[in-house]
Amino acid sequence: MEYLLLLILIPPLLGAAANGILGRRFNQATVSAIACGAAGVSMVFALLLATWTFFHPTPPSDLVVHSYFTWIFVPGAAGLADFRADFALYYDHLTLVMTVTVTVVAFLIHLYSRGYMAHEGGYYRFFAYLNLFLFMMLTLVTAANYALMFVGWEGVGLCSYLLIGFYFLKKSASDAGKKAFVVTRIGDVGFTLGIALLFWTFGAVDFQTVFGKVSGLPAGESGDVLTAICLLLFLGAVGKSAQLPLYVWLPDAMEGPTPVSALIHAATMVTAGVYMVARSNVLFAHAPRALETVSTIGCLTAFFAATIAVCQNDLKRMLAYSTISQLGYMFVGCGVGIFAAGIFHLMTHAFFKSLLFLAAGSVMHGLSGELDMRKMGGLRHKMPTTHWTFLVATLAISGVPLLSGFFSKDQILAGAFLGPLGKPWLYWLATLTAGLTAFYMFRGLFMTFWGESRVEEQVKHHVHESSSKMTTPLMWLAAFSVIAGYVGWPHPLEGLSHFLEPVFGKSDALLRAASPGEASGALGEKALMGFSLAAAAIGIALAWWLYLKSPEIPGRIAAKFRGVYQLLVRKYYVDEIYDAIFVQPIRVISDKVLWQGLDDGAIDGVMVNGTAGETMSVGGLLRRIQSGNLRSYAAWVLLGAVAWLGYVLFVR
Amino acid sequence: MVPLSHVLALSMILFVLGIAGFIFRRNVITIFMCIELMLNAVNLAFIGFARQLGQLDGQLYVFFVIVVAAAEAAVGLAIIIALYRNRESLSIDDLDSMRN
């Protein structure tokens, strides 16, 4: 049974190897069969394991952690413990949730890509990377120690780079890939330091040992070391999950093909940070100050990104900022101590956000590559399936009741106010953000699918609904976007929390005991729900008014508040600021100091060419002795003889 | 009896003359003659010491030197003739194909 877990990981790896090495010779059908087959097998195994778990609520201990082989073992010396990192996989309810979500979404996206990438070059390469990504992501979520998790972490980063820069001949795409990798690297530094500090403090990096030791610590005491560890780990999450200030790579990552945006930058890779924080809940529970940082950054990011999304005209970019914003929500959930809410939102978000991206891809496909929403409009007649699936996802993300997003978002908002580390300002800002979310999402919907068609002439007659290869996954995702909220019926708001109780239970209790929350009781849960519903309703109404009823108004508002509008459209100039502060100085240093100064001057000039030049001059001098003139030879012999004679007679 | 110092002085003078001629003269045959001069100067020194010490070793050495000088002269002159046939010149400055 313990091998079933491994079996979830292996097929994508094999698929990636097969397509990567041999794929060039396969035709498209074979490539997609291998890749989708691998993803499908993984999904089946994950679902099998999930089903088995429902019948065996307490898994045997060697399923919880099973070590397959010793990967790294360094015997300790001079006071340091042994460093042991095995290839060991960890299985609990959290892993179950993650593996099921990841494999289902990945499988659907693999199916969608068959249609989407059919006319692009590099078909086999795309699927090889996609499978490799799936393997890495599964490694990340099933790893039993931080080292193996980091392998998966880096692996998904690599695949993200490869896939964002998939159209590597296009400069903006390869630049975006580099940007993603470098920016997440900054976070990875924090992650690595966190792991090192963890090992230095506790002598191990595997979850069971570390969590066991940390649980033994007295409650409520926020040790400085533990806070440092948690903050460093969170820094890794900030990079990977695109929070303030390391979010800048995600909008640029839209250069990649749309399935990539859906899989990596909506459903899975960017949620790795949230997963990591949730997995480390034991550590974070003993470091409340770190948790406060998590929730603060999450909330600020959510609001910040939502304000930018309001003014974006590129459909995918708007969705990218929306992802950043929703990830912020997940961190708020974890940060106020309701980890289950964060994971719940992760799960529902995976479904509706990937659906949004895939639908956007369908729109792009139908409009021959157009993504500017100002050149869309009225598409719901020409692309009905895409439209209603997009509508379902938009309703879900806006927190409209009965859809999954409502349940998960509501849990987070309730937690922001009533949770152990909840604070009122978190709740109000998050609710405002929810209103903004509803607004910009419906703005997107209306601009793209409703109203009058602003599509360019030559594109207009090509507009077509996408093939069933692409629309079928859309429909499945739409179904999931609705029902995912009902896990654990009949308590939709509580269901997942109950399921994840074994994972988060102790942390929850700890946090509740330590800090009961500032505003408990001031506003009941019903009132909170009312506010968030009102925010969503206002957002939707505003979008309807501004983009359907009186579409000339946004233009007038933009003209009137030109400064603010420019600020938002130009994304607060953050990219420009980073460029000025970090990128340009590094370029100048690289160019002037390191390249011209050091490489050209010192190494090439002095060491290589200089030595050669010096050798030549000395050689030139010595060359004159070889004049070919016998008489001078004779003279030199004489001189040498005299010198030696003198030495022998007078010096010795 | 001629004092040893006179013999050695003459020997030294002859030797230095030989060196000077070797370095400063241009004609190849003249240079050869100077080489012979140097060898004979050394012979003289040997004889002088042999007489002074009353031993025959020095005289024996002279024989060796004479033999070697003769052989060397023969070979050297043969080389000079070969060189002359190729280069039409007896000036040592013209023998510079090993230049650089």
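Q: What share of the contacts in chain A between residues at least 6 apart in sequence joins residues at least 24 apart?
A: In this predicted model, the share is 82% of the contacts in chain A between residues at least 6 apart. A contact here requires C-beta atoms within 7 Å. For chain B, residues 24 or more positions apart account for 50% of the contacts with a separation of 6 or more.

Q: What makes up chain A in terms of helices and strands, and what box do its C-alpha atoms fill?
A: Chain A has 28 helices and two strands. Its C-alpha atoms fill a box of roughly 115 × 70 × 55 Å along the principal axes. Of its 652 residues, 51% count as buried.

Q: Why are α17(A) and α19(A) called roughly antiparallel?
A: Helix α17 (residues 384-397) and helix α19 (residues 424-449) of chain A pack at an angle of about 170°, and their axes are 9 Å apart. Angles over 145 degrees count as roughly antiparallel, and the two helices are therefore placed in that class.

Q: How do you know that the length of helix α18 of chain A agrees with its number of residues?
A: Helix α18 (residues 404-418) has 15 residues, which at 1.5 Å a residue should span 21 Å. The expected span uses one less than the number of residues. The end C-alpha atoms of the helix are 21 Å apart, so the two values agree.

Q: What makes α18(A) count as mostly covered?
A: In α18(A), 15 of its 15 residues are buried. Each such residue has 20 or more other C-beta atoms within 10 Å of its own.

Q: What is the form of the peptide bond from Leu244(A) to Pro245(A)?
A: This bond is cis, with omega near -10°. Pro245(A) is found in the loop between α9 (224-240) and α10 (249-252) of chain A.

Q: What is the make-up of chain B, and how do you know whether it is spread out or a compact globule?
A: Chain B has three helices and zero strands, and its elements run α-α-α from the N terminus on. Its radius of gyration is 17 Å, well over the 13 Å that the globule rule gives for 100 residues, so chain B is more spread out than a compact globule. The C-alpha atoms of chain B fill a box of roughly 50 × 25 × 25 Å along the principal axes, and buried residues make up 11% of its 100 residues.

Q: How many residues does each chain bring to the contact between chain A and chain B?
A: Chain B contributes eleven residues and chain A ten. On the side of chain B that touches chain A, the residues divide into six nonpolar, two polar and three charged.

Methods: Residues numbered from 1 in each chain as written. Chains lettered and ligands numbered in written order. Predicted model: local features only at pLDDT ≥ 70, side-chain atom pairs only at ≥ 80, totals over all residues. Axes fitted to C-alpha atoms, helices over the stretch in contact; angles between N-to-C directions. Helix = DSSP H or I, 4+ residues; strand = E, 2+ residues; numbered from the N terminus. Parallel < 35°, antiparallel > 145°, perpendicular 65-115°, else oblique. Contact = placed C-beta atoms within 7 Å. Nonpolar A, V, L, I, M, F, W, Y, C, P; charged D, E, K, R; others polar. Buried ≥ 20, exposed ≤ 12 C-beta atoms within 10 Å, placed from the backbone. Rg over C-alpha atoms; globule rule 2.2 N^0.38 Å.
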